[in-house]
Amino acid sequence: DGGAGGAGRIYIEYPGATGTHTDPNPDATTGTGAVNNTYPTGIINSYAGLTATANQNAVQITVNSTSGFQTGDEILVVQMQHPTNAGKYEFKKNITVVNGTTVSFLEPLANTYYYDAVNNYRAQIVRVPNYADFTVAGGTSITSSAYDKTTGKGGILIFKATGMVTVNGAIDAQGKGFAGGASIDSNPSSTGYQGESYVGTPPVLSTTETNQGPALAPNAGAGGGGGFSKSNYKGCGGGGGSYAGGAANGQNGTGCSGGSAGGTYGVPDLATLFLGSGGGSGGAEYDNTLWYTGKGGNGGGLVFVAANALNVGALGTIKAGGETGSNHSITGSPALEIVGSGGGGSGGSVYLGANSAPTGLAGVNAAGGAGGTWGLDGGAGGAGRIYIEYPGATQDGTEAAPNPAARTGVGGFNGIYT
C-alpha cells in the first residue's frame with residue numbers, strides 16, 4: 001500500500017477564543033500559499049480625522065470615515081494640532097463601529113479632543129494592530145501615511161505585540177510629520193513660507209514691496225521663511241524646524257536675514273506625543289530671471305512600538321528623522337539673484353516599550369534634516385525625541401542612551417535619547 005497523506009490544519013477563530021492569537025481579528029494570521037503567519041508591509045495603520053470636538057467623558061467620537069476600522073479594534077486617540085491641547089492622547093480597546101462616521105467605547109474619554117476647521121485644530125484616531133510576534137523582514141518596510149493638515153490624520157506608525165518584535169528591515173516614518181514651507185517662485189519678491197507645526201497656525205509669507213523684506217519668525221516649532229533684499233538681489237535661507245532642540249537659523253545674505261529656527265516643545269518621556277515640525281522655505285528676489293525657492297523639509301513622523309521584547313538587527317532601522325530642505329532652482333539664464341534654500345525638518349518621535357531592555361538600537365534615528373545648500377543655505381532641522389522604556393531602565397531626562405550610537409545623524413541635529 002501507499003503511505004497515507006499527512007494531516008491538514010484546522011484553525012477556529014472567534015472573539016474570546018483561547019489560543020495562540022488573542023486578537024479577535026489578528027493581522028498576523030493572514031498568509032498565502034504554504035506559509036502562514038506572514039507579516040504585513042507598507043502602511044499597517046488606518047486613520048480617521050475628527051469632524052467634531054469630542055469632550056472629556058464622552059463615549060463616542062465622530063470622524064470623517066470609519067473605513068479600515070472594525071468592532072473589537074484598539075485605537076489611539078490623539079490631538080495633533082492645538083495651541084494648548086496638542087500632544088494629549090489615550091488608548092481605547094474593544095471599540096464599536098457604530099456607523100460610517102462614528103465609533104464608541106466603554107470607558108469615557110480622559111481628555112477633550114478639539115476640532116475646528118477655521119483655526120486648524122485637528123485630532124485623529126489611529127487603529128492599533130495587536131500581534132503575537134512581529135517581524136519586519138530584511139529588504140521590507142512598514143511605514144505610515146504622511147500627516148495631512150486638511151484632515152488632521154496620518155503621520156503615525158503604531159503597533160503592539162504580546163511576543164517578540166524583530167526588525168531586520170525598516171520601520172520608517174521619515175519625513176512623515178508636519179510639512180515644510182512651500183516652494184515659491186520669485187515673482188514677486190517675497191519671504192519664504194513658514195513651516196507647519198503643532199499649534200495649527202497656517203504658514204504665512206510676506207510680499208511687502210520694500211527694499212528689504214525681513215525674515216519671518218518661527219511658527220511654534222516650525223522654521224520661519226527666509227527674508228529678501230531687492231537692492232542686493234538676495235533671498236535668504238529658511239529656518240530649520242525644531243522639536244527637542246538644536247535647530248539652526250537660515251543663512252543671512254547682504255541686506256537680508258535667514259528665517260528663524262523653530263522653538264522647542266514636548267517632554268522627554270513622550271507623555272505627550274508630537275510629530276516633528278517643518279522647515280521654512282527660502283526667500284525670493286526677482287529681477288527678470290525666474291527662480292524657485294527651496295522648499296522646507298517635512299518633520300519626522302511618530303513611531304510607537306510596545307512589545308514583550310524587541311530586537312533591531314544589524315541591518316534593521318527605526319527611522320523618524322526630518323526631511324532635508326530643498327535647494328532652490330532656476331528657469332532661464334542666471335542673473336544677479338540668489339534665492340534661499342529650504343530649512344531642514346526636525347526629527348519626530350520614537351517610543352519603544354518592552355518588558356526587557358530592547359537590543360540592537362544602533363539603527364534607531366530621529367535626527368533633524370539638513371538644510372538646502374545651494375545659494376544661501378537653509379538652517380538644519382533640530383533633534384527629535386527617542387524614549388526607551390523597560391523595567392529597570394534609568395530615565396532621568398538626560399541624553400544617556402542604552403546605545404548612544406543610535407543618535408547618529410547626517411546634516412541635521414541628532415535625535416535626543418532619554
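This is a predicted model: local features need pLDDT of at least 70, side-chain atom pairs count only at pLDDT 80 or more; totals for chains, interfaces and linings use all residues.
Contact here means heavy atoms within 4.5 Å.

**Entry 1: confidence**

I checked the pLDDT before anything else. The protein chain averages 84, and 80% of the residues score at least 70.

**Entry 2: Asn298**

I located Asn298 in the loop that runs between β17 (290–292) and β18 (302–312). Is Asn298 buried or exposed? Its relative accessible area is 16%, so I put Asn298 down as buried, because the cut-off for buried is under 20%.

I next listed what surrounds Asn298. Setting aside neighbours within four places in sequence, I noted its contacts with Gly175, Phe178, Ala179 and Gly180, with Ser277 and Gly278, with Gly322 and Glu323, and with Gly345 and Ser346.

Which atom of Gly180 lies 2.9 Å from a polar atom of the Asn298 side chain? I found that it is the backbone nitrogen of Gly180. I also recorded a polar contact between the side chains of Asn298 and Lys295, again at 2.9 Å.

**Entry 3: the sheet with β3, β7 and β6**

I traced an open sheet of 3 strands, ordered β3-β7-β6, with antiparallel pairing. Why do I call β3 (60–62) and β6 (96–99) edge strands? Each has a single partner strand, so one side of each has no neighbour in the sheet. On average, neighbouring strands here are turned by 25 degrees against each other, direction ignored.

I followed the pairing of β6 with β7 (residues 102–104), where 3 bridges join the antiparallel strands. Within this pair, I see Asn99 opposite Thr102 of β7.

**Entry 4: the sheet with β2, β8, β4 and β5**

I traced another open sheet, this one of 4 strands in the order β2-β8-β4-β5, with antiparallel pairing. At the edges I have β2 (47–49) and β5 (89–92); each pairs with a single strand, so one side of each is left without a neighbour in the sheet.

How many bridges pair β2 with β8 (residues 122–128)? I count 3, in the antiparallel sense. I noted Ile125 in β8 as the bridge partner of Ala48.

Definitions and conventions: Residues are numbered from 1 along each chain as its sequence is written. Side-chain values use heavy atoms; hydrogens and water are left out. Helices (H or I, at least four residues) and strands (E, at least two) are DSSP runs, numbered from the N terminus. Buried means under 20% relative accessible area, exposed over 50%, partly exposed in between (1.4 Å probe, protein chains only). A polar contact is a pair of N or O atoms within 3.5 Å; within protein, one must be able to donate a hydrogen and the other to accept it, and residues adjacent in sequence count only if both atoms are side-chain atoms. pLDDT is the predictor's confidence in each residue, from 0 to 100. Two strands pair if DSSP finds at least two bridges between them. Axes are lines fitted to C-alpha atoms, for helices over the stretch in contact, and angles run from 0 to 180 degrees between N-to-C directions.
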